[in-house]
Amino acid sequence: QLTFVESGGGLVQPGGSLTLSCEASVNWFTRFAVGWYRQAPGKQHVLVAGVDGADGTTYSDFAKGRFTISRDNGKKVVYLHMKNLQPEDTAVYYCSQIGANSWGQGTQVTVSS
């Protein structure tokens, strides 16, 4: 079963940067498109960015130009590099196989001065 463990969240000031990591449970995760999602309080999960098996990437409009997704297949890790963070980016961030709607514990990102 493909699952992920997210890490790297924290408290950051507006304009700051963070890099999130999610480690896959199995090596064959490279077969699938993996996405970073986020869930703000009281809202549904929203796709932030995705990367497929050929390293093709996709971004939500709010992430374009500020967030970068990448994967290290040898380490079984998918990264989300975030810069110029704003208070509206505050959410719990999750990794999941795109389309699976399967959620781990996530990692909290809080953007506040």
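In which strand is the place of S96? I looked this up first, and found S96 in strand β9, where strands and helices are DSSP runs numbered from the N terminus, a strand (E) having at least two residues and a helix (H or I) at least four.

Before going on I noted that this is a predicted model, in which local features need pLDDT of at least 70 and side-chain atom pairs count only at pLDDT 80 or more, while totals for chains, interfaces and linings use all residues. Residues are numbered from 1 along each chain as its sequence is written, and side-chain values use heavy atoms, with hydrogens and water left out.

**Entry on S96.** I read S96 as buried because its relative accessible area is 1%, given that buried means under 20%, exposed over 50% and partly exposed in between, with a 1.4 Å probe and protein chains only. I then listed the contacts of S96, leaving aside neighbours within four places in sequence, and among them are F4, A33, Y37, N101 and W103; contact here means heavy atoms within 4.5 Å. A polar atom of the S96 side chain lies 3.1 Å from the backbone oxygen of S102.

**Entry on the disulfide.** I found one disulfide in the structure, a disulfide being a pair of cysteine sulfur atoms within 2.5 Å. It joins C22 to C95, with 1.9 Å from S to S, and it links distant parts of the chain, since C22 is in strand β3 (residues 18-24) and C95 in strand β9 (residues 91-97), 73 residues apart. Both cysteines, C22 and C95, are buried. The torsion about their S-S bond is about -65°, so I recorded the disulfide of C22 and C95 as left-handed.

**Entry on the sheet.** I traced an open sheet of six strands in the order β2-β10-β9-β4-β5-β6, with mixed pairing; two strands pair if DSSP finds at least two bridges between them. The edge strands, each pairing on one side only, are β2 (10-12) and β6 (57-59). Strand β5 (residues 46-51) pairs with β6 in the antiparallel sense over three bridges, and G50 stands opposite T58 in β6.

**Entry on the loops.** Which residue has a positive phi of about 65° although it is not a glycine? I found that this is D55, which lies in the loop between β5 and β6 and counts as partly exposed at 46% relative accessibility. I noted N101 as well, with a positive phi of about 50° although it is not a glycine; N101 is in the loop between β9 and β10 (107-111), and is exposed, with a relative accessible area of 54%. For background, most residues other than glycine have a negative phi. In the loop between β3 and β4 (34-39) I looked up V26, which is buried at a relative accessible area of 16% and, leaving aside neighbours within four places in sequence, is in contact with Q1, L2 and K76.

**Entry on the aromatic rings.** I counted three aromatic pairs, where rings of Phe, Tyr and Trp (its six-membered ring) pair if their centres lie within 6.5 Å, with planes under 30 degrees apart counted as stacked, over 60 as edge-to-face and the rest as tilted. The rings of W28 and F32 have centres 5.9 Å apart and planes at 70°, so that pair is edge-to-face. W28 is partly exposed at 33% relative accessible area, and F32 is partly exposed at 25%.

How values were computed
Polar contact = N/O pair within 3.5 Å; in protein donor to acceptor, adjacent residues only side chain to side chain.
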